[in-house]
Amino acid sequence: MKLLRRLALVLSVFAPLLVSATPPPALPDDPACTAEDRTFMARAYELARKPVRDGTGAPFGAVLVLDGKIIAEYSNCEVATHDPTKHAETGLISAFGAKIDRATFARATLYTSSEPCTMCCGAIRFAGIRQVVYGTTEAQFERIIGDAPPAHPLDSREVFTRTAPGTVVRGPLMEAEGLAIHETYWPTVLHRH
Ligand SMILES: [Zn+2]
């Protein structure tokens, strides 16, 4: 009995800690997303795993799709290039900007493994891309990297609404799969000294 009581005491102390350490669940898919969106998001997640495997960048990937076909893809390569503008979305636009005309960008859909940051929203706007589908949300990403949430968060929908009205944004999509990629990467990088 004494042992059981001790066990109960230990559990009463540690169980709340275990509960509080449990991350919030992945958000459900945006109901506006289609089966085709899932196919291309799966590819964006593959591209997000690549830079981690190769040691070239952080786990982000982007795919540009036109009429059901991939016409460009890109993985974050900030580590290899020491260039903080080489996010998946800005990198794709920069690498393919000379080969893809503005009318094509306007008809294409950009799939990105994580919600575009404000820098990438700007690049998407200036490239003339009108449709964006993202995987994981910015809020969940900030939680994983341990940043305190901003007092006045500015999500991608708000940026597009205010700077490029008419841009269609869908997401989150398959967030659990995307968060799993981040959860295995960031703790190893952020705690390395
Ligand atoms: Zn970005």
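Tutor: Gladly! Let's begin with a pair of helices. Helix α6 (residues 118–127) packs against helix α8 (residues 156–163) at an angle of about 40°, and their axes are 10 Å apart. Two notes before we go on. This is a predicted model, in which local features need pLDDT of at least 70 and side-chain atom pairs count only at pLDDT 80 or more, while totals for chains, interfaces and linings use all residues. Residues are numbered from 1 along each chain as its sequence is written.

Student: How are helices, axes and angles defined here?

Tutor: Helices (H or I, at least four residues) and strands (E, at least two) are DSSP runs, numbered from the N terminus. Axes are lines fitted to C-alpha atoms, for helices over the stretch in contact, and angles run from 0 to 180 degrees between N-to-C directions.

Student: Which word describes how α6 and α8 lie to each other?

Tutor: The classes go by angle: under 35 degrees is roughly parallel, over 145 roughly antiparallel, 65 to 115 roughly perpendicular, and the rest oblique. α6 and α8 are therefore oblique to each other.

Student: Is the crossing of α6 and α8 left-handed or right-handed?

Tutor: A crossing is left-handed if the near helix is turned anticlockwise from the far one by less than a right angle, and right-handed if clockwise. For α6 and α8 the crossing is right-handed.

Student: Which residues of α6 and α8 meet?

Tutor: Two residues are in contact if their C-beta atoms, placed from the backbone, lie within 7 Å. On the α6 side these are T118, C121 and R125, and on the α8 side S156, V159, F160 and T163. By class, the contact of α6 with α8 holds three nonpolar, three polar and one charged residues. Here Ala, Val, Leu, Ile, Met, Phe, Trp, Tyr, Cys and Pro count as nonpolar, Asp, Glu, Lys and Arg as charged, and the others, Gly among them, as polar.

Student: Which residues of α6 are buried?

Tutor: A residue is buried if 20 or more other C-beta atoms lie within 10 Å of its own, exposed if 12 or fewer, and partly exposed in between, with C-beta atoms placed from the backbone. In α6 the buried residues are C120, C121, A123, I124 and A127. They cover an arc of only 165° around the axis (the arc being that of the directions from the helix axis to the C-beta atoms), which puts them on the same side of α6.

Student: What covers the buried residues of α6?

Tutor: The cover includes α4 (88–96), α5 (102–107), β3 (109–114), β4 (131–136) and α8. Just after α6 comes G128, with a positive phi of about 85°.

Student: How do α4 and α6 cross?

Tutor: Their axes come within 8 Å and cross at roughly 30°. That makes α4 roughly parallel to α6. The crossing of α4 and α6 is left-handed. E89, T90 and I93 of α4 make the contact with M119, C120, A123, I124 and A127 of α6. By class, the contact of α4 with α6 has six nonpolar, one polar and one charged residues.

Student: May I see one more pair, α7 and α9?

Tutor: Of course. Helix α7 (residues 138–145) and helix α9 (residues 175–190) have axes 9 Å apart and pack at an angle of about 30°. That makes α7 roughly parallel to α9. α7 passes α9 in a right-handed crossing. Q140, F141, I144 and I145 of α7 meet E175, L179, H182, E183, W186 and L190 of α9.

Student: What about E177 and the backbone?

Tutor: E177 lies in α9 and is partly exposed, with 16 other C-beta atoms within 10 Å. E177 and A42 are 135 residues apart in sequence but 8.8 Å apart in space, C-alpha to C-alpha. For the backbone, look at the cis peptide bond joining G171 and P172, where omega is about 5°. P172 sits in the loop between β5 (168–170) and α9.
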